[in-house]
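Take a walk through this fold with the viewer open.

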Amino acid sequence: MSDAPIFLLGCQRSGTTMLRLVLDSHSRISCGPETRFLTDMQRIVGRDWERLARFGFPREDWLRRIREFFGGIHTDYAAGRGKARWADKTPLYALAIPFLTEVFPDAQIVHVIRDGRDVVVSHRKRFGYWSAVKCVVKWPRYIRVARAAGRALPPERYFELRYEEAVREPEKALRGLFEFLGEPWEPSVLEYGDKEHDVADKYTTEADKRRAAARTDAQIYGSRVGTYRRELDPFLRVLVWVFSRRTLRELGYR
């Protein structure tokens, strides 16, 4: 079995938190809190490189140091929880896949994709109206950048998981995910709420509210699929049509 790092990413409000808890429920995989800072370190070998190169260390040495520092945090965290492998869930990293795979040449990338119209609705509910307005541009950008980077990777390194498939047929979709990761299937990952996870209290509160609104006790449910049909107002519909329709069509969303 592999011990390669796993990066779980995608536009915010696409279901990455749910998938993080699924991964974290596996007996071999630890997926802790979002890090968000790895891309800040990209400056070392990016726009700051001309200045830092004067230290005399080759670029590969800086990459090694970044890998040891970032990977060491995850490895120690995973070991402390009795896990053999680590995953990182940070949606922002969808815009930095080439850097991720440069630092971790064996990393496996899991890109979660959700209907952009539902993502816009979720942004409005979670972050406010202005966030929803910006999302009509942000969502297709995340999709475009991540998929372009994914095409440059071999199939065993990049995997796309549709949110809609994961909530409608969770066992089928998640079996495919764990097969890609090279991990044995464990039915208990479907009941991730029965396990301990290092998540903020606000997540548990929000998740409980969503389940109550959906009138279900299930950990994974599909009632939020297609919410745009009743919750996307006319102005946002126009913005989606202008800025997101091409990406929606490319992904097969009708």
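Helices here are DSSP runs of H or I with at least four residues, numbered from the N terminus. The model is a predicted one.

Start with the largest pocket. It holds about 1200 Å³ of space. Which of them gives the most to the lining? It is α10, with nine residues. In total, 42 residues line the pocket. Nearest its centre lie Arg 13, Thr 17, Tyr 203, Glu 206 and Arg 210. By class, the lining divides into 16 nonpolar, nine polar and 17 charged residues.

Why speak of a probe at all? Rolling a probe the size of a water molecule over the atoms shows where empty space is left.

Now step back to the whole chain. It has 13 helices and five strands. Its C-alpha atoms fill a box of roughly 60 × 40 × 35 Å along the principal axes. A compact globule of 254 residues would have a radius of gyration near 18 Å; the chain has 19 Å, so the two agree. Buried residues make up 52% of the 254 residues. Take the contacts between residues at least 6 apart in sequence: 77% of them join residues at least 24 apart.

Helix α6 (residues 116-127) comes next. At 1.5 Å a residue, its 12 residues should span 16 Å. The end C-alpha atoms are 16 Å apart, so the helix agrees with that expectation. Its buried residues are Gly 116, Arg 117, Asp 118, Val 119, Val 120, Val 121, Ser 122 and His 123. These buried residues pack against α7 (129-151), α11 (228-231), α12 (234-243) and α13 (245-250). Just after α6, Gly 128 takes a positive phi of about 110°.

Most residues other than glycine have a negative phi. Arg 13 is not a glycine, yet it has a positive phi of about 70°. Arg 13 sits in the loop between β1 (6-9) and α1. Its relative accessibility is 23%, so it counts as partly exposed. Arg 36 also has a positive phi of about 70° and is not a glycine. Its place is the loop between β2 and α2. Is Arg 36 buried or exposed? At 54% relative accessibility, it counts as exposed.

The loop between β2 and α2 (42-45) also holds Thr 39. Thr 39 has a relative accessible area of 17%; the cut-off for buried is under 20%, so Thr 39 is buried. Beyond its neighbours within four places in sequence, Thr 39 is in contact with Leu 92, Tyr 93 and Ala 96.

Return to the loop between β1 and α1, where Cys 11 lies. Cys 11 is buried, because its relative accessible area is 2%. Leaving out residues up to four places away in sequence, Cys 11 touches Pro 91, Val 119, His 123, Lys 138, Trp 139 and Tyr 142. Val 119 and His 123 are among the buried residues of α6. From Cys 11 to Glu 160 is 149 residues in sequence and 13 Å in space, C-alpha to C-alpha.

Strand β2 (residues 29-31) contains Ile 29. With 0% relative accessibility, Ile 29 counts as buried. What does Ile 29 touch, not counting residues up to four places away in sequence? The list is Ile 6, Leu 23, Asp 24, Lys 83, Arg 85, Ala 87, Phe 178, Leu 181 and Glu 183. The C-alpha atoms of Ile 29 and Trp 86 are separated by 5.5 Å, though the two are 57 residues apart along the chain.

Finish at Glu 165, in helix α8. At 48% relative accessibility, Glu 165 counts as partly exposed. Setting aside neighbours within four places in sequence, Glu 165 is in contact with Pro 170 and Ala 173. Glu 165 and Met 41 are 124 residues apart in sequence, and 34 Å separates their C-alpha atoms in space.

Conventions:
Residues are numbered from 1 along each chain as its sequence is written. This is a predicted model: local features need pLDDT of at least 70, side-chain atom pairs count only at pLDDT 80 or more; totals for chains, interfaces and linings use all residues. Side-chain values use heavy atoms; hydrogens and water are left out. Helices (H or I, at least four residues) and strands (E, at least two) are DSSP runs, numbered from the N terminus. Buried means under 20% relative accessible area, exposed over 50%, partly exposed in between (1.4 Å probe, protein chains only). Contact means heavy atoms within 4.5 Å. The expected span of a helix is 1.5 Å times one less than its number of residues. On a 1 Å grid over the protein atoms alone, a cavity is a set of points where a 1.4 Å probe fits but cannot get out, and a pocket is an open set with protein on both sides within 12 Å along at least five of seven lines; lining residues have an atom within 4 Å of a point. Grid points are joined across faces, edges and corners, and a volume is the space filled by probe spheres set on the points. Ala, Val, Leu, Ile, Met, Phe, Trp, Tyr, Cys and Pro count as nonpolar, Asp, Glu, Lys and Arg as charged, and the others, Gly among them, as polar. The radius of gyration is taken over C-alpha atoms; the globule rule is 2.2 Å times the number of residues to the power 0.38.
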